[in-house]
Amino acid sequence: MPIPKKNQIVGIDIGSHSIKVAEIEDTAKGMILKNFGTIGLPQDAILEGSIKEMEIVSAALGNLLQNLKIKNRNVALSISGYSVIVKKITIPRKQEKDLEESIQGEAEQYIPFDINDVNLDFQVLYSGEEEPEEEGKESYMDVLLVAAKKDIVEEYISLLHLTELNPAILDIDAFALQNAFEISDHEQSGCHALVHIGAQHLTINVVKDGISIFTRDSSYGGSQITSEIQKKLNISYQEAERIKLGAKPFATEQRSTIEETFSGTVTRWGQEIKRALDFVATTFTDIKVENILLTGGSSLIPGFSKYLGLETGLKIETLNPFANMEIREKSFDTGYLNYSAPIAPIAIGLALRSIGDR
Ligand SMILES: Nc1ncnc2c1ncn2[C@@H]1O[C@H](COP(=O)(O)OP(=O)(O)OP(=O)(O)O)[C@@H](O)[C@H]1O
Ligand SMILES: [Mg+2]
């Protein structure tokens, strides 16, 4: 059995539509894509970020790893959705070790769940140490707080154990997306909105000069369109999905119903993204978002990118997480990788983590 390079990790993005797995080798000459693959999941196996069909999801993940001949059992996983809260808080300055002891108490007022029901993590964004101490003036620090509901975290840990994998890192989608952006061929300086639309999640992360200044996760995604087509045309979910993707013809009289479903849903996504960007604009008056970097399976809906550009007044670009990576032609079909690029960034971002980093 090959011994995985020290600290190397397999990135696993468990989406409700498909699981994506990636492995990257970080060498002195740059990054090499070692592995990438996906496997579809049945509808309802995962709902609102919660794993409803543990055995099915585990079997799919196990098959995917086996097909890709991945032996490394150390994996990085991410979660998202309503069970994750990310918040920047400003609190009176203290030492990091004191913060570790008091974070629970500090966090309590910012988390809409019982504090005993969440796993907490934090990162000091600004320690306030550079500021001269003035008598009578309290100094502050900025801390990024990440809270994830324990029951959801435990579900994902159980899934990994059932699949005989070792959970080395648990991240959130928005930060994994940011990792992928950081190794892409896009300009890093300035302010960029990363927008990822999958089947059940819309993730936004606004990054300024390498630092995340705003994240939001909403329950929007392509499965809304599929479900609505299913209901309106009274057909199966699978048939509706095929109609949505243009793989199944439909009757002429159904055209307007389908088009209205697309435009109605996509308009709500556009408004949600616009609302988030308006919030950023009013909160950080000195910051201007320069462009939107769009990914996720549902970003491929024809015309969506153009519509989003009109709605937000921003330039819309796609983000290809493979762009700066060495791809060995004998190992990959370039057509498949180009096709997969929009759905790959979270798995790639996770594969970039190494054991032990924070
Ligand atoms: N060419 C396309 N046109 C329109 N929709 C597409 C296209 N390709 C994929 N999709 C849709 O994208 C979604 C899958 O995207 P993605 O793989 O990013 O989601 P996921 O990660 O599995 O889900 P989640 O949102 O739960 O993370 C599905 O709803 C699928 O129908
Ligand atoms: Mg996803």
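I began with ligand 1: 20 residues surround it, and the closest are Gly-15, His-17, Gly-198, Gly-222 and Gly-297. I took a residue as near the ligand if its C-beta atom, placed from the backbone, lies within 6 Å of it. I sorted the shell by residue class and found 5 nonpolar, 13 polar and 2 charged residues; Gly counts as polar here, and Asp, Glu, Lys and Arg as charged.

I noted that the model is predicted: local features need pLDDT of at least 70, side-chain atom pairs count only at pLDDT 80 or more, and totals for chains, interfaces and linings use all residues. Residues are numbered from 1 along each chain as written, while chains are lettered from A and ligands numbered from 1 in the order written.

I next looked up α6, whose buried residues are Ala-240, Glu-241, Ile-243 and Lys-244 (buried: 20 or more other C-beta atoms within 10 Å of the residue's own). They cover an arc of only 160 degrees around the axis, so they lie on the same side of α6; the arc is that of the directions from the helix axis to the C-beta atoms. These residues pack against α5 and α7 (255-283), a contact being two C-beta atoms, placed from the backbone, within 7 Å. After α6 comes Gly-246, with a positive phi near 75 degrees.

Finally, I recorded the whole protein: 10 helices and 15 strands, as DSSP runs (helices H or I, at least four residues; strands E, at least two). Of its 358 residues, 39% count as buried.

Terms used
A residue is buried if 20 or more other C-beta atoms lie within 10 Å of its own, exposed if 12 or fewer, and partly exposed in between; C-beta atoms are placed from the backbone.
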